Amino acid sequence: MKLESILQCPECRSSLKKNKESYRCKNKHNFIFFENIPDFISKEDKKVLEKEFHAQEHAVGNYKENEAYMLSWKNWKKKLIVDKKGLVLDNGCGPGKLSLVIPEGNTIVGSDVSLDMLREAKKRINFVIRSMAEKLPFKNETFDVVYTDSMLHHLKNPIEGVKEVHRVLKKDGIAVFSETHAALVNGKLRRYAYKNRAKFSEWHKNFEKEELLSIIAPYFEIYSIEHVSYLGYMYEGTNRKIPCDKYLMKAFLIFDEIISKIPLIKNQSWHIIVKGVKK
Ligand SMILES: C[S@@+](CC[C@H](N)C(=O)[O-])C[C@H]1O[C@@H](n2cnc3c(N)ncnc32)[C@H](O)[C@@H]1O
Ligand SMILES: [Zn+2]
């Protein structure tokens, strides 16, 4: 696939021409490459995103790959994956690790605002671009599946991100949103864990379930809502300071499997995965 075949100007939506070092539209919007990554974020938007860039520069080191961490990580990330194959957007791809669980037979495009994250993503994904989820530089009805994993809650207006997913999905395309979840127990624990970290934008938050569903449901026919991540995820988090032990992790994951079947208690999950078909 040629990337330019699916791109359009994110500012005026007209088509783009590729020059040696940039993409340019007829209205003279020019998007240059940084380290071979096309950058579709305007100067004005970059100013607004300053805090986010800084926080992600620090967060990129949190993505570990030791055995115990990956056991938990793969355990819940696999639950995001849908059977439908084709052209897939990893929207807010971070370091591009979702590609480790997306099966062969898909072409993955990764998009994120953070250059630090995209440098990592480039090692795993063929096509990566720098763009905002609220202003995707893709033509209408381009993708078969869009994964938006733990990103919507970073947006000032998450609904703008949901509308863009709807626009770039093909008819019958599938949207998967995995979001952090504000429940009674984890809300307090999460605040404690975030205490000494670089601050994200002032609008960064965690969704309550009803709020998340209320912004997705107008655009997608929701067919699956799943609560995921309990003790394994918490233990994953401790790995930032001390590498976690795989036997303890295995025990936590067995325990998590049991929790996920207990009514009410299962609602105390750290994440929710919502899947829907484009309306
Ligand atoms: C919690 S990380 C999740 C990364 C990845 N999806 C994962 O689950 O491993 C949130 C990501 O959203 C990106 N992000 C923040 N604001 C964004 C925006 N306006 N548009 C696109 N991506 C954004 C960040 O740079 C970061 O990589
Ligand atoms: Zn333009």
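Me: A crossing is left-handed if the near helix is turned anticlockwise from the far one by less than a right angle, and right-handed if clockwise. Which hand does the crossing of H3 and H9 have?

Reply: This is a predicted model, in which local features need pLDDT of at least 70, side-chain atom pairs count only at pLDDT 80 or more, and totals for chains, interfaces and linings use all residues. Residues are numbered from 1 along each chain as its sequence is written, chains are lettered from A and ligands numbered from 1 in the order in which they are written. H3 spans residues 67–77 and H9 spans residues 246–259 (DSSP runs numbered from the N terminus: helices H or I, at least four residues; strands E, at least two). The crossing of H3 and H9 is right-handed.

Me: Are H3 and H9 roughly parallel or roughly antiparallel?

Reply: The axes of H3 and H9 lie 8 Å apart, at an angle of about 20° (axes are lines fitted to C-alpha atoms, for helices over the stretch in contact; angles run from 0 to 180 degrees between N-to-C directions). Angles under 35 degrees count as roughly parallel, over 145 as roughly antiparallel, 65 to 115 as roughly perpendicular and the rest as oblique. H3 and H9 are therefore roughly parallel.

Me: Which residues of H9 make the contact with H3?

Reply: From H3 come Glu67, Ala68, Leu71, Ser72 and Asn75 (contact: C-beta atoms, placed from the backbone, within 7 Å). By class, the contact has four nonpolar, two polar and three charged residues (nonpolar: Ala, Val, Leu, Ile, Met, Phe, Trp, Tyr, Cys, Pro; charged: Asp, Glu, Lys, Arg; polar: the others, Gly among them). H9 contributes Lys246, Met249, Lys250 and Leu253.

Me: Which are the edge strands of the open sheet of seven strands?

Reply: The strand order is S7-S6-S5-S8-S9-S11-S10, with mixed pairing (strands pair if DSSP finds at least two bridges between them). An edge strand pairs on one side only, which holds for residues 127–130 and for residues 220–228. These are S7 and S10.

Me: In S11, what is the bridge partner of glutamate 179?

Reply: S9 (residues 169–180) pairs with S11 (residues 271–278) in the antiparallel sense over seven bridges. In S11, the partner of glutamate 179 is isoleucine 272.

Me: How many charged residues are in the shell around ligand 1?

Reply: Ligand 1 is surrounded by 18 residues, the closest being Gly92, Gly94, Ser114, Ala133 and His154 (near: C-beta atom, placed from the backbone, within 6 Å). Seven of the shell residues are nonpolar and six polar. The charged ones number five.

Note on methods: Two residues are in contact if their C-beta atoms, placed from the backbone, lie within 7 Å.
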